[in-house]
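Thanks for coming, everyone. I have one structure to walk through this morning. Please put it up on the screen and keep the sequence beside it.

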Amino acid sequence: IDRTITAFEVDAIQHAKNLDGEWPPNIAFHYGGAEAIDCADASADVVFMFKSLHHVPIGSMPRALEEIARVLKPNGHAYISEPVFAGPFNDIIKLFHDEQAVREAAFDAVRIAVERSLFELESEIFFRAPASFKDFTDFEERIIRATHTDHRLSRKVYEEVRTKFARHLAPSGAYFEAPMRVDVLIKPRD
């Protein structure tokens with residue numbers, strides 16, 4: 001089956017890494033966000049958003065969902081995966097990056113898009129996503145120094161994060177299960 005994948009990235013550093021990587025020829029990388037998807041109307045069978053709707057500015061979330069509906073073919077699916085604001089991993093992250101308001105806004109934007117009949121809700125799926133770290137240095141590199149956000153922790157907050165993280169550290173590393181929610185949406189037939 002001939003399939004193409006068009007991947008969009010809003011983090012310039014990660015986008016450059018994507019372009020430098022070796023990928024199958026049917027994958028194309030573009031720089032840009034969900035608010036303005038550079039694809040033709042009704043050109044996609046499926047749109048995936050992996051932990052990214054809450055990174056769209058709140059005021060642009062409705063536009064992002066309209067764009068997803070625009071590029072989907074009738075009866076096409078949208079898979080919107082978002083972290084739930086709960087759990088021990090979240091309790092550490094929120095010390096320096098509290099995403100409660102944006103995560104709630106993302107869930108609300110999906111609900112409103114369904115109410116507006118942009119989509120039909122096929123299903124909601126809840127699961128726990130594993131997250132493991134060798135040590136605090138690994139956590140710091142992958143989470144605190146993530147290229148998509150410029151986290152600036154005071155010494156006090158840094159030590160609080162390190163102390164809270166240490167409570168989960170075992171000889172094999174630190175393991176978390178982050179609660180996730182997926183909304184599987186269908187674009188109605190015209």
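**Starting at R128**

Let me start with one arginine. Setting aside neighbours within four places in sequence, R128 is in contact with E177, A178 and P179. Contact here means heavy atoms within 4.5 Å. R128 sits in strand β5, residues 120–133. R128 counts as exposed, at 52% relative accessibility. For that term, buried means under 20% relative accessible area, exposed over 50%, and partly exposed in between, with a 1.4 Å probe and protein chains only.

Now the ground rules. This is a predicted model, in which local features need pLDDT of at least 70, side-chain atom pairs count only at pLDDT 80 or more, and totals for chains, interfaces and linings use all residues. Residues are numbered from 1 along each chain as its sequence is written, and side-chain values use heavy atoms, with hydrogens and water left out.

**Overall layout**

How many helices and strands does the protein have? Six helices and seven strands. These are DSSP runs, numbered from the N terminus: helices are H or I, at least four residues, and strands are E, at least two. Along the sequence the pattern reads β-α-β-β-α-β-α-α-β-α-α-β-β.

The C-alpha atoms fill a box of roughly 55 × 40 × 30 Å, taken along the principal axes. Of the 190 residues, 36% are buried. Take contacts between residues at least 6 apart in sequence: 76% of them join residues at least 24 apart.

Charges next. There are 23 positive and 31 negative charges, and their mean positions are 4 Å apart. Lys and Arg count as positive, Asp and Glu as negative; His and the chain ends are not counted. Each charge is placed at NZ of Lys, CZ of Arg, CG of Asp or CD of Glu.

**The cores**

A nonpolar core is a set of buried Ala, Val, Leu, Ile, Met, Phe, Trp, Tyr and Cys residues joined through side-chain atoms within 4.5 Å. The largest one has 24 residues, and L53, L65, I68, I80 and F119 touch the most other members. Four elements each supply at least two residues of this core: β3 (44–50), α2 (61–71), β4 (72–83) and α4 (100–115). Which of them gives the largest share? That is α2, with six residues.

Stay on α2. Its buried residues are M61, A64, L65, E67, I68, A69 and V71. They pack against β3, β4 and α4. A reminder on helix geometry: an α-helix has 3.6 residues a turn, so residues three or four places apart point the same way.

Now F119. Leaving aside neighbours within four places in sequence, F119 is in contact with L65, I68, A69, L72, A78, A113, V114, L185, I186, K187 and P188. Apart from this core lies another, of 15 residues, among them I92, F96, F133 and F176.

**Aromatics**

Rings of Phe, Tyr and Trp (its six-membered ring) pair if their centres lie within 6.5 Å; planes under 30 degrees apart count as stacked, over 60 as edge-to-face and the rest as tilted. The count by this rule is 15 aromatic pairs.

F48 and F50 form a stacked pair, 5.5 Å centre to centre, with 10 degrees between the planes. Buried or exposed? F50 is exposed, at 55% relative accessible area, and F48 is partly exposed, at 47%.

F136 and F165 form an edge-to-face pair, 5.5 Å centre to centre, with 65 degrees between the planes. This pair links distant parts of the chain: F136 is in helix α5 (residues 136–144), F165 in helix α6 (residues 155–166), 29 residues apart. F136 and F165 are both buried. They also belong to one aromatic cluster with F89, F133, F139, Y158 and F176.

Most residues other than glycine have a negative phi. A42 has a positive phi of about 50 degrees, and A42 is not a glycine. A42 lies in the loop between β2 (27–31) and β3. K51 also has a positive phi of about 50 degrees. K51 is found in the loop between β3 and α2.
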